[in-house]
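User: Hi! Could you walk me through the pocket and the ligand in this one?

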Amino acid sequence: MITFALAKGRLATESAELLARCGVDTAVLYEETRKLVLTSADGNYRFFLVKPSDVPVYVESGVADLGVVGKDTLIEEDRDIYEMLDLGFGECSLCLAGFPERKDVLTSPALRVATKYVNTAKQLFAERGEDVEIIALHGSIELAPVTGLSDVIFDVVQTGSTLKANGLVVLEQVFTGITARLVANKVSLKTKSAEILPLIAKCKEEVA
Ligand code: PRP
């Protein structure tokens, strides 16, 4: 049996569709249920649907063998897992964003940056030698500058519609090419190689 940790949210549908194309029985993922452990009817696969930031935790621990999660989360979590494959979907950028009339805001002293990517933001500004205040939030990041909680945000931008709807613009694209990645537990890759390697090979074919 292969156990997957799958990120809930914007990657969920495409993750399930890709796995189905790779021959994984994913029907259980479409059932209306509050169950947290989902097992395929053929008993070959088990799925945990978790918050994106928890996927690397489950995979690093070995509780899950494989995971599908965004590169943004992998950068932020920096876990001891193997990144096996760029799955190509869910493309977005990690950006600094703020109000269009204050495009020079990034150079202002004591900049307040709201983000759910706290580690990544801290590293970014430390590398730049800039002393900023990082405001850790868990969602609806765009609300921070709108309400005056922060000057700018550091967040993923996919379609740009959330920024636009809140009167914000990209000030700087920091990381581009953020896509969904297939990740693996280091031990599982050895102990379950007969099951896992053909599946990874199939995924590779599918996304080529
Ligand atoms: C993410 C991100 C932005 C939005 C960007 O939030 O934090 O708010 O998506 O996407 P867009 O450019 O296509 O508008 P998500 O929907 O994951 O939810 P959250 O606010 O709960 O973090």
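**Pocket and ligand**

Analyst: Happy to! The lining of the largest pocket divides into eleven nonpolar, 13 polar and nine charged residues. Here Ala, Val, Leu, Ile, Met, Phe, Trp, Tyr, Cys and Pro count as nonpolar, Asp, Glu, Lys and Arg as charged, and the others, Gly among them, as polar. This is a predicted model, where local features need pLDDT of at least 70, side-chain atom pairs count only at pLDDT 80 or more, and totals for chains, interfaces and linings use all residues. Residues are numbered from 1 along each chain as its sequence is written, and side-chain values use heavy atoms, with hydrogens and water left out.

User: Which element gives the most to the lining of the largest pocket?

Analyst: That's α3, with four residues. Helices (H or I, at least four residues) and strands (E, at least two) are DSSP runs, numbered from the N terminus.

User: Switching to the ligand, which residues are around it?

Analyst: Among them are Lys116, Ser140, Asp155 and Gly160; being near means having a heavy atom within 4 Å. β9 gives the most to this shell, three residues. By class, the shell has two nonpolar, seven polar and three charged residues.

User: How far is an oxygen atom of the ligand from the side chain of Glu142?

Analyst: An N or O atom in the Glu142 side chain is 2.8 Å from a ligand oxygen. For Thr159, the side-chain N or O atom is 2.6 Å from an oxygen of the ligand. A polar side-chain atom of Thr162 lies 2.4 Å from a ligand oxygen.

Notes: Polar contact = N/O pair within 3.5 Å; in protein donor to acceptor, adjacent residues only side chain to side chain.
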